[in-house]
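Subject: Structure handover

Hello,

Here is the structure for you to look through. Open it first, then read my notes below.

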Amino acid sequence: MENTTTAPAPPLGFPENLMPIGGAWIPSSNNANLTVANPATGEPIAEVPSATVHDGLAAVDAAATAQPAWAATPARERADILFRTYEGILARRDEFAALITAEMGKPLPEAQTEVDYGAGFFRWFAESAGRIHTEGQYGVEPGGNYQIAVSKRPVGPSLLITPWNFPLAMGARKIAPALAAGCTTILKPAELTPLTSLLLARVLEEAGAPAGVVNVITTNNSRDVIAAIMKDSRVRKISFTGSTQVGRALLAQAAENVMNTSMELGGNAPLIVFDDADLDQAVEGAMLAKLRNGGQSCVGANRIYVQNNIAAEFTARFTERMAAARLGDGAHPDTDLGPLVDAKQVKTVAALVTDAVAKGAVCLTGGTIPQGPGSYYPATVLTNIPTNAEIRTEEIFGPVAAIYTFDTENEAIHEANNTPYGLASYIFTENLSRALRVANAIDAGMTGINRGLISNPAAPFGGTNQSGLHREGGTEGLNAYQETKYTGIQL
């Protein structure tokens, strides 16, 4: 393994062992903490509070108390706070990036890209906030008897639960539209990566977010704390990004109070390369769609389908690129592929590869866990994967490329849709008609044509089927935090 030199832990930029609730930074009510470790070394970086149920309900109290005033705050004032947050994040770009790399492991250039992406949500929703009160409807009802007025208002206090793979971007994608719409928030970041969320809370404070509008609870007792928060009828929305299994459980809990829900769940993205594709573009796009974030992305290319008559050339070129990916600490400037988030994730990815190879798959590169320390797994390419291999149906969430072949367009579409998920998909072809035809035929919420990166704050992000409900980003992301109010007016 290359690039084993590690950088010192970055400064936190916020008080250690404290979390922001109700405008104050406080410890856990029982003074318990959880340790955050660097996946490149396994060494601890910092400690944060491990919130109790009492702390979770204190966050609900704070959000509910702040809700009326925040909802009544003029949209332009909310927009100004969001734009100052955008500027504040970029002012601390290097600080955020170093923290993301330290707690999550991705290479520093990727972390810097995430900072830009995450900041973009605050800019987009700052620009969107001022339009909320100008996009309603007003007119005469069809019978001509009275006037109809339709307007938007905030859903109310919102519980936001984020995963570990994009510590800044996932929080930004939820907090920014919630605040733009006039909702107060309770952010529960992943146990493995809470530090970036705490720094974001500090920047929001500095930008002028009032007390109780943004509350962050860090905990290693997520199940009990979240369950208690969701039982409180004052919490009117939950937005969750994570596994489909956990999403189902949260939907069941949300039903008790008929809570507004947004779910961004698992994926099994197909990437299809047709024989008329620009192979340079296809290989580059596949590398980006597969290795971004070390493959730990719900929109990562989980299944790569290549038309038979170009499969050998594509596979050779793609495998050469994968084999050249330099594995090491993300803080090292020469690293292409950082560690996975923890040893558990390494074990999960390795088990999928071992199962496939044992059943007959061919491993062209990688496939072996390097000696420690750190939670590393190399870039790996598998071909000839049998139909009974678990990797065909499971979300890989690691730097493992599973390559399959096909003959016809209809075969590719059938294979792409042969999954209960429907989040992202990718198509590489020089034929515009084919690109649009196949994109329309694939049952997925998002499709990239001749590009391996599709996420953008201005675009709706989300999937179909078991990949989730509703959208984040774009105008749809703002609508997710609003209720529609109809008023009939007799003149």
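**The pockets**

The second largest pocket has a volume of about 610 Å³. Keep in mind that this is a predicted model. The lining of this second largest pocket is made of 24 residues. Nearest its centre lie Glu110, Thr113, Leu288, Leu291 and Arg292. Helix H4 (108-129) and helix H9 (279-291) each supply at least two residues of that lining. H4 gives the most, with five residues. Sorted by class, the lining has twelve nonpolar, four polar and eight charged residues.

Now the largest pocket. Its space comes to about 1,600 Å³. Its lining counts 43 residues. Trp164, Phe240, Gly242, Ser243 and Val246 are the ones nearest its centre. Which of them has the largest share of the lining? H8 does, with seven residues. By class, the lining of the largest pocket has 17 nonpolar, 16 polar and ten charged residues.

**The sheet**

Next, find the open sheet. Seven strands form it, in the order E14-E15-E16-E13-E12-E18-E19. The pairing is mixed. As a reminder, strands of a sheet pair through backbone hydrogen bonds, either parallel or antiparallel.

Which strands stand at the edges? They are strand E14 (362-365) and strand E19 (446-449). Each has a single partner strand, so one side of each is left without a neighbour in the sheet. From one strand to the next, the twist averages 25°.

Look at one pair in detail. Strand E15 (residues 380-383) and strand E16 (residues 400-406) run parallel, and three bridges join them. Threonine 380 stands opposite valine 400 in E16.

Two helices pack on this sheet. Helix H11 (residues 343-358) touches E14, E15 and E16. The direction of H11 makes about 30° with that of E15. Helix H12 (residues 409-416) touches strand E12 (269-273), strand E13 (301-307) and E16. The direction of H12 makes about 170° with that of E13.

Helix H1 (residues 53-72) packs with H7 at an angle of about 35°. Their axes are 8 Å apart. The crossing of H1 past H7 is right-handed. On the H1 side, the contact is made by Val53, Gly56, Leu57 and Val60. On the H7 side, Asp224, Val225, Ala228 and Ile229 make it. By class, this contact has six nonpolar, one polar and one charged residues.

Where does asparagine 257 lie? Asparagine 257 is in the loop between H8 and strand E11 (260-264). Leave aside its neighbours within four places in sequence. Asparagine 257 is then in contact with Met230, Lys231, Asp232, Ser233 and Arg236. Now compare asparagine 257 with tryptophan 124. The two are 133 residues apart in sequence. In space they are 31 Å apart, C-alpha to C-alpha.

Best wishes

Conventions
Residues numbered from 1 in each chain as written. Predicted model: local features only at pLDDT ≥ 70, side-chain atom pairs only at ≥ 80, totals over all residues. Heavy atoms only, no water. Pairing = 2+ DSSP bridges. Helix = DSSP H or I, 4+ residues; strand = E, 2+ residues; numbered from the N terminus. Axes fitted to C-alpha atoms, helices over the stretch in contact; angles between N-to-C directions. Contact = heavy atoms within 4.5 Å. 1 Å grid on protein atoms, 1.4 Å probe; cavity = no way out; pocket = protein on both sides within 12 Å on 5 of 7 lines; lining within 4 Å. Points joined across faces, edges and corners; volume = space filled by probe spheres on them. Nonpolar A, V, L, I, M, F, W, Y, C, P; charged D, E, K, R; others polar. Left-handed = near helix turned anticlockwise from the far one by under 90°.
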